[in-house]
Amino acid sequence: MKCKRCRRAEAAVDLPSHHAAFCPDCFFLFFQRQVKEGIRKFRLLSPSDRVLVCVSGGKDSLVLWDVLMEMGYETEGLYIDLGIEGYSERSKEKVLAYAAARGKTPIVVDLAKEGVPIPEASRGARIPECSVCGTVKRYFFNRVASEGKFTVVATGHNLDDEAARLLGNLLHWHRDHLSRQHPYLPDSGAGLVRKVKPLWRVSELETASYGFLKGIDYVTEECPMSEDATSLVYKEVLSLIEEQMPGTRTVFYQGFLDPGNPFRRAPETRPRASGESATDTEDPEGAGTPRACASCGAPAWADICSFCRLKERVQRRRERRPERAPG
Amino acid sequence: MLPMIRVRLPQKKKELEVPGPRRVMDILAQAGVRPTTVIVTQGKKLLTKDHRVEDGETIDVISVVSGG
């Protein structure tokens with residue numbers, strides 16, 4: 001199969017959803033244009049932004065960092081060591097190696113040192129691992145960004161992630177979640193840093209292809225905690241539909257983002273001018289403008305933020321039932 | 001023994017052999033793998049789903065699906 005763009009080189013990536021097949025060079029161009037269009041469409045980033053890129057060692061986040069650097073954005077990587085035996089060490093290794101090859105040193109947060117390694121925190125708080133992980137990550141994304149004077153936090157969520165999340169939210173009629181699902185979550189003006197998902201237009205297959213062709217050495221194993229993640233079921237269903245009707249996933253998610261969609265609030269009014277504060281209706285996390293957590297000072301929607309509450313529960317359990325030392 | 005196509009699925013810690021020549025999409029169907037959920041590589045090359053693989057060659061099927 002020849003590349004549909006240059007019509008000379010042999011194609012390496014076939015994309016039925018775009019009725020296209022590309023050679024590596026033309027695919028790089030296609031991919032970067034998709035990301036640029038995703039950024040432009042909702043004005044996710046501006047050239048003056050300092051971007052904190054959250055990297056896990058997986059394909060999406062490392063590809064995101066790579067593309068943003070290539071586009072000339074000022075970026076730093078943030079790696080959160082989840083404390084998952086074996087998996088976390090291997091992921092961290094990939095992140096450090098990727099960064100070192102580009103003259104970067106990522107910021108590393110070690111959850112074991114913070115007192116909330118995911119497996120123990122999940123047991124201690126009796127909350128599923130993925131929920132604990134989400135709470136802890138959101139907390140540190142924001143804290144590191146605030147402390148480091150970053151203007152925006154970027155994550156590697158892709159089209160498949162967002163379409164799967166949308167399907168889950170629709171199936172359960174999570175109207176509040178639906179109203180907040182968007183590639184652009186504004187800052188709150190109260191210490192909550194803007195969050196963006198620049199890869200929202202590209203699929204997992206495209207990020208994996210980009211990473212492979214660019215020689216990015218990412219961790220291919222799945223997080224052992226996510227084996228039963230419901231998002232995998234939604235992805236499976238969507239991939240079945242996608243194979244029968246290529247392009248459906250894109251139509252599904254992009255249709256959801258349409259300004260006329262009554263299930264979500266209009267983010268097209270975003271971003272606000274510098275210094276302008278968010279209104280309650282733009283609040284990404286919950287009801288109203290956040291206040292400062294009485295314990296740590298981070299943005300919170302209760303007196304104590306969810307991270308501090310989690311940490312306290314873990315600590316209480318630790319005092320009641322000390323974990324046995326390994327071996 | 002005749003050489004066959006060696007198909008490695010490292011994330012599933014699985015390996016199988018199929019007779020060639022055969023297109024990537026047919027190999028995936030035989031392995032029970034959805035084509036939109038994987039990339040297929042051969043050394044440093046990425047293969048399209050209609051690429052024909054010959055006997056004696058080895059390909060890797062890498063899942064692109066991440067959960068959580």
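Colleague: Where does Pro21(B) lie?
Modeller: First, this is a predicted model, where local features need pLDDT of at least 70 and side-chain atom pairs count only at pLDDT 80 or more, while totals for chains, interfaces and linings use all residues. Residues are numbered from 1 along each chain as its sequence is written, and chains are lettered from A and ligands numbered from 1 in the order in which they are written. Helices (H or I, at least four residues) and strands (E, at least two) are DSSP runs numbered from the N terminus. On that numbering, Pro21(B) sits in the loop between strand 2 (14-18) and strand 3 (22-23) of chain B.

Colleague: What is omega for the peptide bond from Gly20(B) to Pro21(B)?
Modeller: Most residues other than glycine have a negative phi, and most peptide bonds are trans. The bond from Gly20(B) to Pro21(B) is cis instead, with omega near -10°.

Colleague: What radius of gyration does chain B have?
Modeller: Chain B has 1 helix and 7 strands, running β-β-β-α-β-β-β-β from the N terminus. The rule for a globule, using C-alpha atoms, is 2.2 Å times the number of residues to the power 0.38. For 68 residues a compact globule would come out near 11 Å, so chain B agrees with its 11 Å.

Colleague: Which strands are the edge strands of the open sheet in chain A?
Modeller: The sheet has 6 strands in the order 5-4-3-6-8-7, with mixed pairing; strands pair if DSSP finds at least two bridges between them. Each edge strand pairs on one side only, and those are strand 5 (107-110) and strand 7 (184-185) of chain A.

Colleague: How many residues of helix 8 of chain A are buried?
Modeller: Helix 8 of chain A is mostly covered. Glu204(A), Tyr210(A) and Leu213(A) are among its buried residues. The count is 10 of 10.

Colleague: How many nonpolar residues are on the side of chain A that touches chain B?
Modeller: The contact takes 28 residues from chain A and 18 residues from chain B. On the chain A side, strand 1 (13-15), helix 5 (129-147), helix 8 (204-213) and helix 9 (230-244) each supply at least two residues. Ala, Val, Leu, Ile, Met, Phe, Trp, Tyr, Cys and Pro count as nonpolar, Asp, Glu, Lys and Arg as charged, and the others, Gly among them, as polar. That side has 8 charged, 6 polar and, as the nonpolar count, 14.

Note on methods. Contact = placed C-beta atoms within 7 Å. Buried ≥ 20, exposed ≤ 12 C-beta atoms within 10 Å, placed from the backbone.
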